[in-house]
Amino acid sequence: MKTGLILIYNLGLLPLVVGAIWVRLTAKRNKSLGFTIAAGFATVLAAFLCMTLPMIHAGSSVGDIAHRWRVASLVLGLVSTLVCVKTLFELLADWIKERRAYDLKQWGLVLLTLITIILSVFFTIPTAEDYTLPIIQTNRATATIYEYNPYTGEAYGQILAEKANSPLEVYYDVLATWAGIEPLMLVRRILPVFLLVFFFGVVDYLSCVLFLEDGKGNRKKERDYFKLAIIVIYLAITPIYRLGSIQLLRNSWLDKTFFMNILIPFALALIIDYLRPHNNKGRIGLIFLMIIVGFASQLTVQMGFIWSMTLILPGFIIGTVSSLVNGKKMERRAEDGLSR
């Protein structure tokens, strides 16, 4: 019971309440549950990275990091809830309203999504690149972090900077330590469920920015077809062993898989959203969220921050220039109207 509550809080409730902050910061332009979960999860990962990096390089143990993260995550969740109580109730009300309006086809899509999430637990097959569990087990056995080769047991002589600067395995280990379960159970059976929820949150948000509402709800079919296409594609490529990092249903916990299938599409959705007309408050919120996604990417892979920023920066520049040009055009129109 305790274990389940800890995992649900860290991987479910905490991202939800933290994501509500971004709903407010983007002027409630993005009120979908998918955006809320995706933004919240990315923020939690970024917060963990910022807290953990100095501790790893200072020689702290996983136990020390787990203790600090307990406090930090509880404070983060409490503050987010207090600040965004009204927003959370609005999101819940909107979610219930949308579900009541669902037809049979939409409920079928929901059922297919749930089946895909459940199947991801049974599809989990580690690849040759999956060194997640060996690293966690080596760190635990040696009471160190990234100081020993997980396959040979030889000491590196110093902290392996390549992994220490992207400590995704430490995040998993901290969750397992706090929940009191074996890392194998967490990585292979529990994480796929929550990471697929994160993924479908990104897909939902991406569908919203690609197919904007026209005021009559006429774009819902396009959104549903887009989500269906994504599910079918991932189910179709699951038996293909050579695709490696694209195999989200087989090894969603793997650093490269996490980065390529969840964080990069989220960054892409933010860019598309940023290119849409926003008020100043909404645009500023999106800018900060893009930076947060960069830090979350750094947690997963080396150079993740740079890679994500390389993707985001051109869209940011185009969107900013376009906003300035449109602003000047509106000022000229206003001046022409006054002169007449």
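How much space lies in the largest pocket? In this predicted model, the largest pocket holds about 1600 Å³ of space. A pocket is here an open set of points on a 1 Å grid over the protein atoms alone, where a 1.4 Å probe fits, with protein on both sides within 12 Å along at least five of seven lines. Its volume is the space filled by probe spheres set on the points, which are joined across faces, edges and corners. The model is predicted, and local features need pLDDT of at least 70, side-chain atom pairs count only at pLDDT 80 or more, and totals for chains, interfaces and linings use all residues. Residues are numbered from 1 along each chain as its sequence is written, and side-chain values use heavy atoms, with hydrogens and water left out.

The lining of the largest pocket comprises 47 residues, with Leu33, Gly34, Glu98, Arg99 and Asp204 nearest the centre; a lining residue has an atom within 4 Å of a point. Helices H1 (2-25), H2 (33-57), H4 (85-100), H5 (104-123), H9 (183-210) and H10 (220-237) each give two or more residues to this lining. Helices are DSSP runs (H or I, at least four residues), numbered from the N terminus. The biggest contribution comes from H9, with 10 residues. By type, the lining divides into 25 nonpolar, seven polar and 15 charged residues. In this count Ala, Val, Leu, Ile, Met, Phe, Trp, Tyr, Cys and Pro are nonpolar, Asp, Glu, Lys and Arg are charged, and the others, Gly among them, are polar.

The largest nonpolar core has 92 residues, and Tyr171, Tyr172 and Phe266 have the most contacts inside it. H9 supplies the largest share of this core, 15 residues. Such a core is a set of buried Ala, Val, Leu, Ile, Met, Phe, Trp, Tyr and Cys residues joined through side-chain atoms within 4.5 Å; buried means under 20% relative accessible area, exposed over 50%, and partly exposed in between (1.4 Å probe, protein chains only). Not counting residues up to four places away in sequence, Tyr171 touches Asn10, Leu11, Phe41, Val44, Leu45 and Phe48, a contact being heavy atoms within 4.5 Å.

Charged pairs come next. The structure holds four salt bridges, each a side-chain nitrogen of Lys or Arg within 4 Å of a carboxyl oxygen of Asp or Glu. In one of them, Arg140 pairs with Asp173, and the closest N and O atoms are 2.8 Å apart. Arg140 belongs to helix H6 and Asp173 to helix H8 (residues 168-179), so this pair ties together parts 33 residues apart in sequence. Arg140 is partly exposed at 37% relative accessible area, whereas Asp173 is buried at 1%.

Lys163, Glu169 and Asp255 are linked in a network of salt bridges. The closest N and O atoms of Lys163 and Glu169 are 3.0 Å apart, and the bridge between Asp255 and Lys163 is 3.6 Å, N to O. This second pair links distant parts of the chain, with Asp255 in helix H12 and Lys163 in helix H7, 92 residues apart. Lys163 is buried at 9% relative accessibility, as is Glu169 at 2%.

Ala143, in the loop between helix H6 (132-142) and helix H7 (161-164), has a positive phi of about 55° although it is not a glycine. Met303, in the loop between helix H13 (280-300) and helix H14 (304-339), has a positive phi near 65°. Ala143 is exposed at 61%, whereas Met303 is partly exposed at 40%.
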